[in-house]
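Here is a short report for a first look. Keep the sequence and the structure in view as you read.

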Amino acid sequence: MTLLTQPELPAATPVPEFLPIAFLAGKFCPFPEAQLSIATHALHYGTSVLGGIRGVPSPHDSKQMMLFRLTDHCRRLSQSAKYLNTDIDPIDLEATFVEFVRRNQPQTSFYIRPLIYTSSLGIAPRLHDVDKDLLIYGLEMGDYLHQGGVRCRISSWLRQEDRSQPLRGKSSAAYIASALAKTEAVASGFDEAILMNSQGKVSEASAMNLFLVRNGQLITPSVDQDILEGITRASIITLAQDLEIPVIERPVDKSELFIADEVFLCGTAAQISPVLEIETYKLPAHRPVSDQLRELMKNVMMGAEQRYSNWLKVIGLNS
């Protein structure tokens, strides 16, 4: 008997190619064996925090993989865990991720998904007297968004407020708004959504930060606009400043997007993705600032920019 029905949407994304080894309950195991009970607390209440880390093969050595800004990702995940009333050492996290890569021996670009979650079985929504655990899995990942550019709509859903939940942590509960906005955008013929905050200012895309360019200045919503303090966002700000591109962090009006010289989205999965259209407004095809930053970011992630070599954690694989 079928109980659930779904509206017609474009074809679903194919099932990803998962890495063979996962981490669960303090030990590594084959991915198919990493199973949770249907009564797991986090499944019912969104009481978990997550991360996402990009890994790419070293262009210099086929027996090496590189993780982008691993230390920063571990620090943020550790900080996010505090919202679950638990502590996890970022140094221990980093060591576990390194071992995760070595055990999986990936050969192509990949993405690591860690999740710190309430692992007890029960129905009381709370964070005290509930066990917490860490799980990690990975999947092969190329481009998350179409690298030729995306078409966006302004979502009817608003980004949550920091006074309602801690948005500086990557809380899984916060992603319901992202999911609603993304599906609304795709169902109405767009690729991606842009969410406003409760003050009517631009916040971010469904799971990415946003930048725009006006008069040679790179502008992005400031951290008081209910954004996630993205690591890719911080990286782009550093790169732009090193290129002597003026960077301004401030509230952004919706109307500014329609007359911007350039708009792009960024995130660990999306990297840098140019925006072609917003609603019925077409943006200029000439994107010198976006293209310059995109090329530099690509070179940084491939280890071709020595001054940013500290952003890459090089991991040797077995011969």
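## Terms and model

Ala, Val, Leu, Ile, Met, Phe, Trp, Tyr, Cys and Pro count as nonpolar. Asp, Glu, Lys and Arg count as charged, and the others, Gly among them, count as polar. The model is predicted.

## The second largest pocket

Start with an open space. The second largest pocket holds about 430 Å³. It is lined by 19 residues, and the closest to its centre are Leu-36, Leu-43, Leu-115, Leu-135 and Tyr-137. By class, the lining of this pocket has 14 nonpolar, 4 polar and 1 charged residues.

Which elements each supply at least two residues of this lining? Strand S1 (21–24), strand S3 (48–50), strand S6 (110–118) and strand S7 (132–140) do, and so does helix H1 (41–45).

## The largest cavity

How many cavities of 30 Å³ or more does the structure hold? There are 2. The largest cavity has a volume of about 50 Å³.

The lining of the largest cavity includes Leu-50, Gly-51, Gly-52 and Ile-53. His-73, Arg-76, Leu-77 and Ser-80 also line it, as do Phe-97 and Pro-114. Helix H2 (residues 70–82) gives the most to this lining, with 4 residues. By class, the lining of the largest cavity splits into 5 nonpolar, 4 polar and 1 charged.

## The second largest cavity

The second largest cavity has a volume of about 40 Å³. Arg-54, Phe-68, Thr-232 and Gly-267 are among the residues that line it. Thr-268, Gln-271, Met-297 and Met-301 line it too. The classes here are 3 nonpolar, 4 polar and 1 charged.

Now turn to the outside. Trp-157, Ile-176 and Leu-180 make a nonpolar surface patch of about 280 Å².

Ile-176 sits in helix H4 (residues 175–187). Is Ile-176 buried or exposed? Its relative accessibility is 51%, so Ile-176 counts as exposed. The cut-off for exposed is over 50%.

## Two residues with positive phi

Two loop residues come next. Asp-129 is not a glycine, yet it has a positive phi of about 55°. Asp-129 lies in the loop between S6 and S7. Asp-129 is exposed, because its relative accessible area is 66%.

Glu-279 is not a glycine either, and it has a positive phi of about 55°. Where does Glu-279 lie? It is in the loop between strand S15 (271–278) and strand S16 (281–282). Glu-279 has a relative accessible area of 26%, so it is partly exposed. Partly exposed runs between the buried limit, under 20%, and the exposed limit, over 50%.

## Asp-291 in helix H7

The last stop is in a helix. Asp-291 belongs to helix H7 (residues 288–301). At 39% relative accessibility, Asp-291 counts as partly exposed.

Asp-291 and Pro-274 are 17 residues apart along the chain.

Conventions. Residues numbered from 1 in each chain as written. Predicted model: local features only at pLDDT ≥ 70, side-chain atom pairs only at ≥ 80, totals over all residues. Heavy atoms only, no water. Patch = residues over 30% accessible without salt bridge, like charges linked within 9 Å, V, L, I, M, F, W, Y side chains within 5 Å. Areas by Shrake-Rupley, 256 points an atom, 1.4 Å probe, with all protein chains shown as cover. Salt bridge = Lys/Arg side-chain N within 4 Å of Asp/Glu carboxyl O. Buried < 20%, exposed > 50% of the residue type's maximum accessible area, 1.4 Å probe, protein only. 1 Å grid on protein atoms, 1.4 Å probe; cavity = no way out; pocket = protein on both sides within 12 Å on 5 of 7 lines; lining within 4 Å. Points joined across faces, edges and corners; volume = space filled by probe spheres on them.
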